[in-house]
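Here are my notes on this model, as numbered points.

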Amino acid sequence: MEPLEPRVAHSEKELRALYDERGAAARSQESRSGLWISVAVYLLFAITDILLIPDVAIYTVSARFLLAALVLTVIELQYRYNVQTTWLDFTCALTIVSGYLVWLLPASETVFKQTFSYYMIFGAIFMMGANLFFSLRFLMSVITSGLVLVIFLLALFEFSSDWAYRITLVVFYVSCFAFSSHINWKLNRERFNVFLKALEAEARQNEAIERGQALLRLSRTDSLTGLKNRRAIDESLREYWREWKQSGRNFAAMLIDVDYFKKFNDYYGHQEGDGCLVFVAEALSHVVKNHEATIGRYGGEEFLVLARARSKRQIAELTEAMRRAVEDLGLVHEKRHDGMSVVTVSIGGAFTRKQIGTKFEKIIHEADRALYLAKANGRNCVRLFDPADLEFGAESEDIALWLNEAIAQDLVALAYQPILDIRTGRMEAVETLMRLKAPDGSSISPNLFVPIAERTGAIIELGRWAVEKACTEMLVENRIEMVTVNVSPIQLKAPGFAASVGAILSETGVAGQRLAFEITEGLDLERQPEIATCISDLRALGINIWLDDFGTGFASLSWLRLIDFDTVKIDRSFLHDAGLPRGKAMFQDMISLVRNHGHKILIEGVETEEQMAFLRKLGIDKAQGFLVGRPVPARSYPPRDPNRPQTLTRKLA
């Protein structure tokens with residue numbers, strides 16, 4: 001592999017400048033400590049002055065100490081005030097030359113000429129010190145040692161006339177000069193090469209770090225939107241949770257779901273779907289960037305925002321701003337069929353609080369529950385988790401857990417309420433009603449557990465069980481001619497629902513004509529084509545389709561226009577309001593409307609003989625209510641005698 005070229009500098013000049021810059025601090029420290037050591041050694045040589053040239057020792061020793069004091073003062077001031085390293089080097093070089101000259105001048109006046117001639121050889125120490133002891137640049141060290149050499153030569157020719165002595169010392173000094181200068185040149189070159197290798201190693205390390213960081217970012221970043229991915233946003237959630245636990249810094253978790261995104265993908269294609277998510281991500285990021293918040297893609301078309309929560313109002317404003325920002329994008333969505341024609345989002349939020357629990361997944365669970373209610377309330381809206389709200393209460397969580405175990409733990413049962421054919425007086429059918437009890441045996445109202453079953457999806461399995469159980473208990477045992485079962489729109493939208501019903505009919509041997517499904521109107525059927533398709537498949541099995549609670553939803557006329565119901569069940573509230581003139585007129589108008597569409601009519605909530613007489617007068621087909629019979633278990637309906645009509649003279653309540 002070719003060595004990497006250092007990234008910081010390329011030319012020789014730039015590399016040298018970088019070398020000086022990188023090594024400045026170390027060289028400053030080396031110069032300072034080196035000068036202190038050399039001064040200490042220089043002062044120790046005062047002992048040899050006293051021993052070898054005692055007559056001038058007072059001068060040489062004094063000169064040594066004065067120079068030492070001056071030099072150390074200068075170097076300390078320079079080091080303290082961070083002067084450039086070049087000036088520290090210059091001080092060291094000047095100290096070497098001065099130290100030699102300051103000693104040599106008084107020493108040369110000694111009367112001990114022979115001793116001094118031997119002593120002069122120690123001058124080579126100054127020369128070698130310039131080249132080897134200090135980390136001076138090559139040029140500066142050569143100049144310094146050269147000055148020492150010149151001073152020595154001048155003193156030598158002034159002091160001695162012995163040519164043998166002169167030649168010997170000149171050769172020695174010149175050899176020391178050449179040798180130490182060569183070593184200095186090699187040391188400087190080696191230092192520079194070491195620096196280059198270190199710089200190259202640093203470049204490789206930085207590149208490896210950058211690659212590692214890039215890989216880490218890639219592993220933590222959603223490749224489509226550029227936001228944090230599921231793993232990264234989970235790590236952020238743990239960090240927010242830890243800070244809340246340790247320092248009480250409250251935060252909110254907000255789950256954001258793109259409404260009807262599957263329809264968008266199916267109609268416009270996955271490429272446009274990806275573009276939609278990118279635009280939504282950008283809009284959400286723009287909103288949260290001015291808050292103490294973080295955002296990530298949580299999966300598919302779902303995003304998670306975590307924000308410091310100083311108040312519930314602040315989070316409510318943030319969630320509404322995010323919802324509005326996506327709607328304001330104006331991304332066309334023609335196939336959503338709910339009165340909107342642009343892409344929108346539903347948002348569910350939850351807050352930290354003392355009673356939230358010890359696991360951080362709890363706040364996500366609560367945000368998810370709030371998101372479900374936002375979607376159930378028509379989408380393009382915001383719901384914030386409120387523990388005081390019955391929809392979010394602890395009881396609903398218990399019920400959700402019980403529903404998952406209801407069948408296995410025998411917590412769910414069926415009751416059957418008779419339906420009267422008013423004209424013949426015969427019990428034509430029974431309606432299947434689901435009953436749930438808590439593990440302690442207490443009963444739970446259907447008004448409470450059915451919405452929870454729909455929210456959690458438990459209604460799919462419970463609904464399939466109810467169909468099979470009703471067929472087995474009532475139709476296989478031939479206790480009644482027809483059984484009706486309430487079917488949730490969630491079941492009708494579930495893939496394979498009609499096929500599972502067909503399998504039940506095949507396994508039990510029950511004819512489809514003996515089974516009716518009561519569907520609660522309330523959804524815009526034109527905007528839920530999968531429901532219409534499922535109803536068509538159920539009709540192909542021979543199953544009767546009834547419309548339940550007619551008049552209570554927003555799409556009544558649409559349902560009557562699009563589906564040919566076998567029977568329409570009018571909600572009990574209209575019969576009870578018929579006691580007043582205005583309510584009676586509305587009730588009669590509703591009956592006329594249904595009859596004009598050719599459907600049979602069933603009135604529920606019949607509780608008095610006066611009400612029954614009123615229905616007979618209006619020519620109503622069927623009736624249901626406490627007057628007709630209360631819901632009872634299957635065992636209360638003995639098997640039928642095929643030769644004897646089944647009437648309501650049987651004791652059912």
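1. Burial first: a residue is buried under 20% relative accessible area, exposed over 50%, and partly exposed in between (1.4 Å probe, protein chains only). R308 is buried by that rule, at 9% relative accessibility.

2. The model is predicted, so local features need pLDDT of at least 70 and side-chain atom pairs pLDDT 80 or more, while totals for chains, interfaces and linings use all residues. Residues are numbered from 1 along each chain as its sequence is written, and side-chain values use heavy atoms, without hydrogens or water.

3. The structure holds 22 salt bridges. A salt bridge here is a side-chain nitrogen of Lys or Arg within 4 Å of a carboxyl oxygen of Asp or Glu. One network of them links E320, R323, R324 and E327.

4. E243 pairs with R308 in a salt bridge, with the closest N and O atoms 2.6 Å apart. This pair links distant parts of the chain: E243 is in helix α9, R308 in strand β3 (residues 302-308), and 65 residues separate them. Helices (H or I, at least four residues) and strands (E, at least two) are DSSP runs, numbered from the N terminus.

5. Helix α9 (residues 230-247) also holds both D234 and R230, four residues apart, about one turn of the helix. They form a salt bridge, the closest N and O atoms being 3.4 Å apart. D234 is buried at 16% relative accessibility. R230 is partly exposed, at 41%.

6. What does R423 pair with in a salt bridge? Its partner is D621, at 3.5 Å, N to O. D621 sits in the loop between α23 (609-618) and β14 (622-624), R423 in the loop between β6 and β7 (427-437), 198 residues apart. D621 is buried at 14% relative accessible area, whereas R423 is exposed at 63%.

7. D421, in strand β6 (residues 412-421), is buried yet has no salt bridge. The nearest side chain of opposite charge (Lys and Arg count as positive, Asp and Glu as negative; His and chain ends are not counted) is R423, 5.9 Å away. The backbone nitrogen of R423, however, lies 3.1 Å from a polar atom of the D421 side chain.

8. On the second largest pocket, S38, V41, Y42, I125 and F126 lie nearest the centre, among 23 lining residues. A pocket is an open set of points on a 1 Å grid over the protein atoms alone, where a 1.4 Å probe fits, with protein on both sides within 12 Å along at least five of seven lines; lining residues have an atom within 4 Å of a point. α6 gives the most to this lining, with six residues.

How values were computed. Polar contact = N/O pair within 3.5 Å; in protein donor to acceptor, adjacent residues only side chain to side chain.
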